[in-house]
Amino acid sequence: MYNTIAELLQVAADAPLWQPILQNECLLTGTSESEVFAKLDEHFEVMFQSANRALTGALQTAGGLIEGIASRQQAYMERNSTISGSLINRAMALALSCSEVNASMGRICAAPTAGACGILPAVLISVGELYNSDRRTVLEGLLTASGIGAIITRNATVAGAEGGCQAECGVAAAMAAATAVQLAGGSNEASANAVSFALINCMGLVCDPVAGLVQVPCALRNASQTINAICSADLALSGMVSIIPADEVIDAMFRVGRMLPPELRETALGGIAATPTAKRLQKEIFGEQAQG
C-alpha cells in the first residue's frame with residue numbers, strides 16, 4: 001500500500017495517517033481492526049506501566065548507574081520551580097522511568113528498540129494528558145507511530161549497532177513527533193514535517209554506552225529525544241515546513257549511520273564510553289577482565 005512517507009501521505013489524502021496504517025496492518029497480518037486495537041492496547045499498557053513504575057522509588061540496576069533518576073526528575077517537576085515547565089519535566093520523568101525499568105530487567109515495550117523504550121511512551125502519555133485524549137485516541141497515535149517506524153525500518157535502520165543512537169532514540173523521536181502532532185489535531189503534512197525535524201535535530205548522534213550497559217547515556221538520551229519530539233511537533237504545528245522531505249531525511253540518516261566508525265556504533269569503544277571515568281566504571285562493574 002505504501003513504502004515511503006510520501007506514499008503514506010498520498011494514500012491518506014482524505015483520512016488521518018492511522019487509518020491507512022491500520023488497513024495495511026490488517027492486510028499484512030490477516031487480523032481484524034478490533035484485533036489490531038486490542039494488541040495496541042496491550043502494548044500501550046506495558047508502556048504506561050513502565051513509564052510510571054520508577055516515578056516513586058529507585059529500581060535496582062546493574063552497576064547502579066541510573067538508579068533513582070526517574071523519581072528524582074518527578075520530584076523536581078512536582079516542586080513547580082523548573083526552568084522548562086511541568087510538561088517537559090513530566091515527559092522526561094516518564095522517559096527516564098522506562099529506561100530505569102529496562103535497566104532493572106523489567107518489562108518494557110521496545111519502540112523501536114529497548115534502548116529507546118522511553119521516548120514514545122513519554123510523549124503519548126504527557127501529550128495525551130495535555131489534550132485530555134481518551135484511550136482510543138492515544139492508541140490511534142500509537143498506530144501512527146508504528147507506521148512511521150515501519151517505514152523507517154524498511155528504508156533505513158533502527159539498530160544502534162548499524163546506525164548509531166540516531167537510529168534508535170532518533171527514530172523513536174521521529175515516531176513520537178508525528179504522533180504528538182496527531183494528538184494536537186495537526187495535519188498529516190505537519191506530522192511528516194515533524195518526522196523530518198526530529199531526525200535532523202539528532203543527525204549523527206552516536207551510540208556510546210558506558211560499560212556496554214544500556215544506561216548511560218541512553219537514559220539521558222531518552223529524556224532529551226522525548227523533548228526533541230515535542231519541540232519538533234511544535235515546530236511543525238507552527239506551520240514550519242521541512243526544506244528536506246522526510247524520506248530524504250531518512251535516507252540521509254541511514255547514510256550518516258553507515259559513515260560512523262565502529263567505535264561509535266554500540267561497541268562502547270568510543271564517545272563517552274572511552275573516557276577515563278567510563279573505563280574505571282566498567283572495571284568496577286565487571287572486574288579486571290573488562291575491556292580498556
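First, a term I needed: Ala, Val, Leu, Ile, Met, Phe, Trp, Tyr, Cys and Pro count as nonpolar, Asp, Glu, Lys and Arg as charged, and the others, Gly among them, as polar.

This is a predicted model, where local features need pLDDT of at least 70 and side-chain atom pairs pLDDT 80 or more, while totals for chains, interfaces and linings use all residues. Residues are numbered from 1 along each chain as its sequence is written, and side-chain values use heavy atoms, leaving out hydrogens and water.

**Pockets.** I took a pocket as an open set of points on a 1 Å grid over the protein atoms alone, where a 1.4 Å probe fits, with protein on both sides within 12 Å along at least five of seven lines; lining residues have an atom within 4 Å of a point. A volume is the space filled by probe spheres set on the points, which are joined across faces, edges and corners.

The second largest pocket holds about 170 Å³. I found 13 residues lining this pocket, with Glu168, Cys207, Val214, Cys218 and Glu266 the closest to its centre. Its lining splits into 8 nonpolar, 2 polar and 3 charged residues.

The largest pocket has a volume of about 640 Å³. Its lining has 31 residues, and Glu25, Leu143, Ser146, Gly147 and Ala150 are the closest to the centre. By class I noted 18 nonpolar, 9 polar and 4 charged. Which helix gives the most to this lining? H7 does, with 10 residues.

**Contacts.** Leaving aside neighbours within four places in sequence, I saw Leu120 in contact (heavy atoms within 4.5 Å) with Met47, Ala111, Leu142, Ala145, Met175, Ala176 and Thr179.

Conventions:
Helix = DSSP H or I, 4+ residues; strand = E, 2+ residues; numbered from the N terminus.
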